[in-house]
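Subject: Structure for you to look at

Hello,

Here is the structure I promised to pass on. Please open it and keep it beside you while you read my notes.

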Amino acid sequence: MWPTEPGCIAGSIVEDDAKGRGVREAEEHGVMGQMDGIRVVESSAEMRSLSSDLKRHSKTIGFVPTMGFLHEGHMSLMRRAHAMADVTVVSIFVNPTQFGPNEDLDQYPRDLSGDLERAASCGVEIAYVPDVEAMYPEGFQTYVSVTDLSLPLCGASRPGHFRGVATVVAKLFNVVRPDVAVFGRKDYQQLKVIERMVRDLDMGIQIEAGPIVRETDGLAMSSRNSYLSGDERRQATCLVRGMRQAQSLFEKGERSADRLVATARSVIDVEPDAKVDYVEVRDAETLAALTTVGDRAVMALAVFVGTTRLIDNVLLGVDGPLVAKVDV
Ligand code: AMP
């Protein structure tokens, strides 16, 4: 096992110049008890002291917050963080405050040992895996609310969701204290909420956005895809097919938000198990409603396929073809 003094622990990470070498050497010397060279940290005090030690040694920290059940989408973000910082931290925490009362908190898929292997293969040195009681102890009553950006789209369908997201991300930032944090564009509204929170609260953290990673048939990767039956999985491509249709209409010059939305919906509505929660075209920065699409607009969708709620989005006029994209 690792020595228990924080200075010692982080020292073995930070005293080497080459990224990750400290961890590998610790393994070779038999002091590394965790999987595949990744250190699993459960307590905020320990994470905080690792972070302090890294800072004392002028090492930069790259951070990827996740809810686990990691797939290639998460892995692309971890590789990106690894390329941008000296030490990479991933958090794995299924955050109850961002789930509504009738949502899938209890069923949310989990695979910690697989996650640790996948994270380690992306060069992640530290997995911060706090437990719910430690994150939200009795008496917890402080929340971060990013007001306007949290109202439309998923905020309208999932009241309180972004308050839960902003709160947990603020807490994770306070413990991990990253220099750069990488978020996926898959959760576009979440990305905008986090960017705003960091600016408004002077957090001084660089927020990086990673592209949406898709399966070969275009379905955006998501931990929730594991809920889909075979037939639902086939129908689930209606999101990307609808967006493609709207994108091609946009490229032919269509600028009416309503007509672009109607086009995407017409593809989705024919699938027997697909039920639109929303399909909207909004300003890509403010998420304000649009009637006429200008230079930077996002088409955002949430669709139930069976009981599984899937989200996706495309930046009109910016994104290229919506095909499988696994490279960073
Ligand atoms: P989650 O575990 O779903 O909370 O996601 C953690 C991070 O991974 C978020 O920043 C997501 O936007 C990002 N992410 C999830 N799926 C994808 C994907 N298919 N492509 C890119 N990033 C993703």
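Start with R282. Its bridge partner in β8 is V298. That is one detail of the pairing between β7 and β8, where β8 covers residues 297-305. The two strands pair in the antiparallel sense, over 9 bridges. Please bear in mind that this is a predicted model.

Now step across to the other side of β8. Here 9 bridges join β8 to β9, and these strands also run antiparallel. M299 has V314 in β9 as its bridge partner. β8 and β9 form a hairpin with 2 residues between the strands. In this hairpin, G306 takes a positive phi near 65 degrees.

Put together, 3 strands make an open sheet in the order β7-β8-β9. Which strands are at the edges? They are β7 (274-283) and β9 (308-316), and each pairs on one side only. On average, neighbouring strands here are turned by 15 degrees against each other, direction ignored.

Next, the helices beside that sheet. α11 (residues 238-251) lies across β7, β8 and β9. It runs at about 20 degrees to β9. α11 also packs against α12 (residues 257-269), at an angle of about 150 degrees. The axes of α11 and α12 are 8 Å apart, and their crossing is right-handed. From α11, the residues in this contact include L239, M243, A246 and F250. From α12, they include L260, A264, V267 and I268. By class, the contact of α11 with α12 has 10 nonpolar, 3 polar and 2 charged residues.

F63 stands opposite V89 in β3.

Then the ligand. How many residues surround it? There are 17, and the closest are G73, G184, K186, D187 and M221. α4 (72-84) and β5 are the elements that give two or more residues to this shell. The largest share, 4 residues, comes from α4. By class, the shell has 7 nonpolar, 8 polar and 2 charged residues.

The mean pLDDT of the protein is 90, and 88% of its residues reach 70 or more. Among the elements, β5 (residues 180-184) has the highest mean pLDDT, 99. α2 (residues 21-28) has the lowest, 40. Over residues 1-12 the pLDDT is below 50, and this stretch has 23 contacts in the model beyond near neighbours in sequence. Residues 14-33 are also below 50, with 33 such contacts. Where pLDDT is low, the predicted coordinates should not be read in detail.

Best wishes

Key
Residues numbered from 1 in each chain as written. Predicted model: local features only at pLDDT ≥ 70, side-chain atom pairs only at ≥ 80, totals over all residues. pLDDT = per-residue confidence, 0-100. Contact = placed C-beta atoms within 7 Å. Near = placed C-beta within 6 Å. Nonpolar A, V, L, I, M, F, W, Y, C, P; charged D, E, K, R; others polar. Pairing = 2+ DSSP bridges. Axes fitted to C-alpha atoms, helices over the stretch in contact; angles between N-to-C directions. Left-handed = near helix turned anticlockwise from the far one by under 90°.
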